Amino acid sequence: MDIATERPDWTRGLDGEHGEVFTRPWVVELILDLVGYRADEDLGDAAIVEPSCGCGAFIAPIVERLAESCERHGRQLRDMEGAVRAFDLLEHNAEQTRKAVMDKLHELGESVEIAERLSGEWVRTDDFLLTDHRGFQADFVVGNPPYIRLENVPSEVSDAYRRELPTMRGRADVFVGFFERGLSVLAPDGRLAFICADRWMRNQYGGRLRSLVVDNYAMDSLVVLHDVDVFEEPVAAYPAIAVIRKGPQGPARIVDTSASFGAADSEQVVAWLSHSEADPPPPNDSFEVAELPTWFSSGAHWPAGAPNDLELIAYLEEHFAPIEDPRTGTRVGIGVATGCDDVFVTAQATGIESSRLLPLLTAADVAGEPAWGGRFLVNPWEGGRLVDLADFPGMANYLESHATRLRARHVAKRQPEKWHRTIDKVDPNLQARPKLLLPDMKAAAHPVLDPGKHYPHHNLYFVVSDEWDLEVLGGLLLSDVANLFVGAYCVKMRGGTYRFQAQYLRKIRVPDPKTLSERVCNDLRSAFRSRDRVAASAAAWPLYGVDPVSRRVPLAAALKESS
């Protein structure tokens, strides 16, 4: 079926938002330079697509560059019908863009007839996401796709988008679909460059798009512009320019900018990003740069941070194993979620069988060293199965007195016969096992050691291991190495608080415990016991070949050459 002929229309009589955020001219020029659409190339032998042209911010400079390229390479601009494709959903936007194209062509000396013909060929009133692009390939795709939540699109349109574009999951922004569709039309070695919010690189709804990129394309460069005034109107969008190529992944270059970054700085950035052999520009107040040997290979959350930190993370991920490792028997997990703490967590345990009570540690109990606050977990589990309440009349009476609340929980409604269960099963071996505990929300990693006396609550995460000395591992987790990884991958809370959740803790890389000298073990153990983060970091960084002062990787090149 040609989807261009059978699709919903959400423009008729609609006064709502269409996610239009217009780009400043110097930023447009930067994007065209980054993607390689330059007049010194033979652009007449290529095709460029602008999927959401708005009022023509990209098209006018595209026409200027195409015209100059034609002059340099002996081509006629009048013959360039297939060189440009621009789309917009709204007719008034498309018409304004056609007018801008005609004005530019007149300015370049083309006749009215040629200007009308080319503007009509180049600019289309159409939905780029639902247009049938079969048989067409683009060498360049550029633009600033619309910012609008999928749930704000009429349901018949959002349903059509989801059917056509598998990356548009959950509460995705529409721009996710523009990435997928734009990448799908690229010719081999073609490039896409979009400026948009970079949250798709880290949040849940961007997962399928990240997987699409790492499995089929190459992330060539990323220019982070969070504090730069890149749009015609103020927008809290956390923008970045992503340049993605249809080809195998090679080195990836990152630029992080400050509020002072502008057109003059962009020239230095382009000079470096456009030439693989170019030396990086020196750091200054406007931007800093780094080159990664490759891009992150997983569709899971991509890290965020300063370029040097991302360079360091890429190096560590290439050369060191994750903390959770079956070879060392190391596991990361979360404490028990009950679904009703008011009932299952209690300090008033009178009448409940002692075998059904586990001393419970909560985040409040580990502000310093573990100090049990006197609360118990009422445990209805034994060996991975729910116990028969008839065998424990004390616990049965206690739970029956709260039966109305317990039966009202979702987990109980799904299995009414198991109304007395906690959401999570209780691991029968975890209480007695020595373990490191980390509170969920902290400004920095705060590992503490439970020698095997308590069970963790769900606001605590635990690390157990067969081979690691947990005080030595605790020193590593106290160090800035742990904070580097968690800070780059986690969703930060207001005030800069980190989330030390299992999915982020598993990102931490560690050396082989067998390679640590006794002196280093003693240093890490001592730092852990004294809660000395500076000493822990000083002991930890050299284990990774990293200078503890500069946090640079002097051994990276040698390791890369020998690998």
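**Aromatic residues and the nonpolar interior**

Of the 563 residues in the protein chain, 53% are buried, where buried means under 20% relative accessible area, exposed over 50% and partly exposed in between (1.4 Å probe, protein chains only). The model is a predicted one, in which local features need pLDDT of at least 70 and side-chain atom pairs count only at pLDDT 80 or more, while totals for chains, interfaces and linings use all residues. Residues are numbered from 1 along each chain as its sequence is written, and side-chain values use heavy atoms, with hydrogens and water left out.

The protein chain contains 19 helices and 23 strands; these are DSSP runs numbered from the N terminus, helices being H or I of at least four residues and strands E of at least two. Its C-alpha trace spans about 95 × 55 × 35 Å along the principal axes. Among contacts in the protein chain with a separation of 6 or more, 73% join residues 24 or more positions apart, a contact being heavy atoms within 4.5 Å.

The largest nonpolar core has 147 residues. Such a core is a set of buried Ala, Val, Leu, Ile, Met, Phe, Trp, Tyr and Cys residues joined through side-chain atoms within 4.5 Å. Leu66, Trp122, Trp200 and Leu473 have the most contacts inside this largest core. Leu66, for its part, touches Trp122 as well as Tyr37, Leu43, Gly44, Leu77, Met80, Ala83 and Val84, when residues up to four places away in sequence are not counted. A second, separate core of 34 residues includes Leu361, Phe392, Ala396 and Trp419. In soluble globular proteins, nonpolar side chains tend to be buried together.

A search of the whole structure finds 17 aromatic pairs. Rings of Phe, Tyr and Trp (its six-membered ring) pair if their centres lie within 6.5 Å; planes under 30 degrees apart count as stacked, over 60 as edge-to-face and the rest as tilted. One of these pairs is formed by Trp200 and Trp302, which are edge-to-face at 5.4 Å centre to centre, with 65° between the planes. This pair links distant parts of the chain, 102 residues apart. Trp200 lies in the loop between strand 5 (186–197) and helix 7 (207–216), and Trp302 in the loop between strand 9 (287–292) and helix 9 (307–319). Trp200 counts as buried because its relative accessibility is 1%, and Trp302 is likewise buried at 1%.

Trp541 and Tyr544 also form an edge-to-face pair, with 6.4 Å centre to centre and 65° between the planes. Trp541 has 1% relative accessibility and therefore counts as buried; Tyr544 is buried too, with a relative accessible area of 1%.

Trp200 and Trp302 also belong to one aromatic cluster, together with Tyr147, Phe175, Phe179, Phe194, Phe231, Trp295 and Phe296.

Arg525, in helix 17 (residues 518–530), is buried, with a relative accessible area of 13%. Leaving aside neighbours within four places in sequence, Arg525 is in contact with Asp469, Glu471, Val472 and Glu518.
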